[in-house]
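Subject: Structure for your files

Hello,

Here is the structure I said I would send. My notes follow below it.

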Amino acid sequence: QLQLVESGGGLVQPGGSLRLSCAASGFTLDYYAIAWFRQAPGREREGVSCISSSGGSTNYVDSVKGRFTISRDNAKNTVYLQMTNLKPEDTAVYYCAADRGGSGTPDWWCRTGPAADFGSWGQGTQVTVSS
């Protein structure tokens with residue numbers, strides 16, 4: 001079964017940092033662009049950041065630019081999301097997912113949605129930013 005597993009969430013004070021990990025199970029991430037999404041209670045799932053399969057291109061939603069950094073280590077089959085200067089509005093369940101385009105997606109390109117075009121969703125990891 002092809003699945004991604006998220007970890008690294010937790011409770012952090014405003015201004016704090018967390019690093020989320022997204023590990024692949026059952027397949028190699030090498031040919032997939034990967035995106036991080038988040039969903040807060042009562043809100044739609046939102047694409048936060050993405051990284052191309054080569055790792056050379058990244059994108060961020062405006063609300064996290066300058067605070068979040070996405071990276072990947074294909075040797076470890078893992079994608080990371082480093083989050084700094086966290087704010088209460090960052091509170092959500094964070095998910096990673098693989099672009100369904102797979103090897104058909106240019107290795108220099110990625111996108112953060114729509115969510116329906118992504119698969120291999122994990123169970124998510126809760127991030128709570130509160131004092």
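The protein chain exposes about 6,300 Å², of which carbon and sulfur atoms supply 46%; accessible areas come from the Shrake-Rupley method with a 1.4 Å probe, and for residues only the protein chains shown count as cover. This is a predicted model, in which local features need pLDDT of at least 70 and side-chain atom pairs count only at pLDDT 80 or more, while totals for chains, interfaces and linings use all residues. Residues are numbered from 1 along each chain as its sequence is written, and side-chain values use heavy atoms, with hydrogens and water left out.

Of the 131 residues, 43% count as buried (under 20% relative accessible area; exposed is over 50%, partly exposed in between; 1.4 Å probe, protein chains only).

The chain has zero helices and 11 strands. Helices (H or I, at least four residues) and strands (E, at least two) are DSSP runs, numbered from the N terminus.

Most residues other than glycine have a negative phi, and most peptide bonds are trans.

- N77, in the loop between β7 (68–73) and β8 (78–83), has a phi near 55° and is buried, at 17% relative accessible area.
- N85 sits in the loop between β8 and β9; its phi is positive, about 45°, and the residue is partly exposed, at 41%.
- The peptide bond from G113 to P114 is cis, with omega near -5°. P114 lies in the loop between β9 (92–99) and β10 (118–119).

Regards
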